[in-house]
Amino acid sequence: MATMLSSLKYSDSLTVVGISFCTAFLCEGISWLLIYRTSSYKSLRSSIDKASKKLETMKTEGPSSTKKSKTKKIDRVETTLKESTRDLSLSKFKSGAVVAVVLFVVFGFLNSMFEGKSIAKLPFSPANLVQKMSHRGIPGDDPTDCSMAFLYFLCSISIRTNLQKFLGFSPPRGAANAGLFPMPDQKIN
Amino acid sequence: MSMKEKKSVKFNLQQNDHIPPFQYAKLLDPDASWDKDQLGDVLHWIRQVVALICGLLWGSVPLVGAIWILVFLVLSSGIVYGYYAIVLKLDEDDFGGHGALLQEGLFASITLFLLAWILVYSLAHF
């Protein structure tokens with residue numbers, strides 16, 4: 001099996017995918033160790049989930065009280081949601097630096113192994129902007145030659161996102177619209 | 001054309017905010033009530049499965065050309081729309097509208113599709 005795989009012209013792509021899988025597990029393991037298992041993360045996440053569900057209910061309910069008091073209540077819940085989301089982002093930011101270092105080291109390692117080499121063949125000609133990544137460091141003009149950088153990018157996004165989803169580590173949906181630098185909200189009419 | 005009767009969904013917001021455990025039987029049950037997060041997760045995984053199947057298929061045949069990326073996008077979005085609008089008969093306004101539902105797992109599915117397509121194409125045809 002190993003001999004058959006290594007005889008394939010683009011078998012290096014499997015090496016990149018395999019390393020990406022391992023890196024994704026490693027990064028999620030580090031994140032779990034430094035972020036997800038802490039009580040502060042769990043309570044922040046629970047607070048965001050509750051606040052966003054409460055906000056949804058309040059926005060979809062019919063008029064049960066005066067408009068002014070309803071708007072005030074919604075503002076209070078939104079403020080709580082924004083603060084919790086900001087705190088969550090900050091707590092993840094500090095530990096995210098470790099994950100970033102791991103990803104940087106792995107990318108450097110892969111780059112040293114496959115620089116200047118086409119490790120896959122694209123079944124389409126990518127746009128010029130995408131070619132800057134997909135044809136990075138590869139000699140020649142064939143736009144369908146695929147560099148390690150592009151394949152690693154695809155692996156990272158697809159594998160990590162789905163792994164986070166599968167393990168239940170993906171960010172709460174209620175926090176999707178708020179971030180470290182929240183924009184002012186429109187008031188509800 | 002007669003108005004399609006859309007079911008309004010009861011939110012699972014009990015007083016103690018308890019989300020009932022997911023039951024696979026409700027995946028095809030138009031009378032089931034859905035929590036926004038659960039529905040989002042189901043739509044995400046539907047997209048990923050479609051992406052994987054399309055990538056493996058497109059790479060095996062092989063289908064070549066950027067047009068097949070568009071075909072995948074239309075197909076996967078159509079399947080997701082068909083699932084929540086026709087199979088589950090949900091009112092999209094209760095879940096943030098068509099945009100919110102159709103974007104669940106979209107970016108991850110595109111990258112997964114491209115990865116599967118590129119890998120199968122490269123390994124099977126060269």
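Of the 189 residues of chain A, what percentage count as buried? In this predicted model, 39% of the residues of chain A are buried, where buried means under 20% relative accessible area, exposed over 50% and partly exposed in between (1.4 Å probe, protein chains only). Residues are numbered from 1 along each chain as its sequence is written, chains are lettered from A and ligands numbered from 1 in the order in which they are written, and side-chain values use heavy atoms, with hydrogens and water left out. Because the model is predicted, local features need pLDDT of at least 70 and side-chain atom pairs count only at pLDDT 80 or more, while totals for chains, interfaces and linings use all residues.

Chain A contains six helices and two strands; helices (H or I, at least four residues) and strands (E, at least two) are DSSP runs, numbered from the N terminus. From the N terminus on, the order of elements in chain A is α-α-α-α-β-α-β-α. Among contacts (heavy atoms within 4.5 Å) in chain A between residues at least 6 apart in sequence, 71% join residues at least 24 apart. Chain A is divided into domain 1 (28-58 + 70-106) and domain 2 (114-170), with bounds that come from an automatic or database domain assignment. The C-alpha centres of domain 1 and domain 2 of chain A are 30 Å apart, and eight residues from domain 1 of chain A and eight residues from domain 2 of chain A take part in the contact.

Chain B has four helices and zero strands, in the pattern α-α-α-α along the sequence. Of its 126 residues, 44% count as buried. Among contacts in chain B between residues at least 6 apart in sequence, 72% join residues at least 24 apart. Helix 4 (residues 106-125) of chain B has 20 residues and reaches 28 Å from its first C-alpha to its last, close to the expected 28 Å; the expected span is 1.5 Å times one less than the number of residues. In this helix 4 of chain B, 15 of the 20 residues are buried.

In chain A, the end C-alpha atoms of residues 14-36 lie 30 Å apart and the span is 100% helix; for residues 96-114 of chain A the values are 27 Å and 100% helix. In chain B, residues 66-86 have end C-alpha atoms 30 Å apart and are 95% helix, while residues 106-124 have theirs 27 Å apart and are 100% helix.

The largest nonpolar core has 52 residues, and those with the most contacts inside it are B:Trp34 and B:Phe113. A nonpolar core is a set of buried Ala, Val, Leu, Ile, Met, Phe, Trp, Tyr and Cys residues joined through side-chain atoms within 4.5 Å. At least two residues of this core come from each of helix 2 (12-36), helix 4 (67-114) and helix 6 (148-167) of chain A, and from each of helix 1 (36-60), helix 2 (67-87) and helix 4 of chain B. Domain 1 and domain 2 of chain A each give this core at least three residues. Another core, of 13 residues, lies apart from it and includes A:Tyr41, A:Ala51, A:Met58 and A:Leu88.

A:Lys53 lies in helix 3 (residues 39-60) of chain A. A:Lys53 is buried, with a relative accessible area of 11%. The side chain of A:Lys53 makes a polar contact with the side chain of B:Asp37 (3.1 Å). A polar contact is a pair of N or O atoms within 3.5 Å; within protein, one must be able to donate a hydrogen and the other to accept it, and residues adjacent in sequence count only if both atoms are side-chain atoms.
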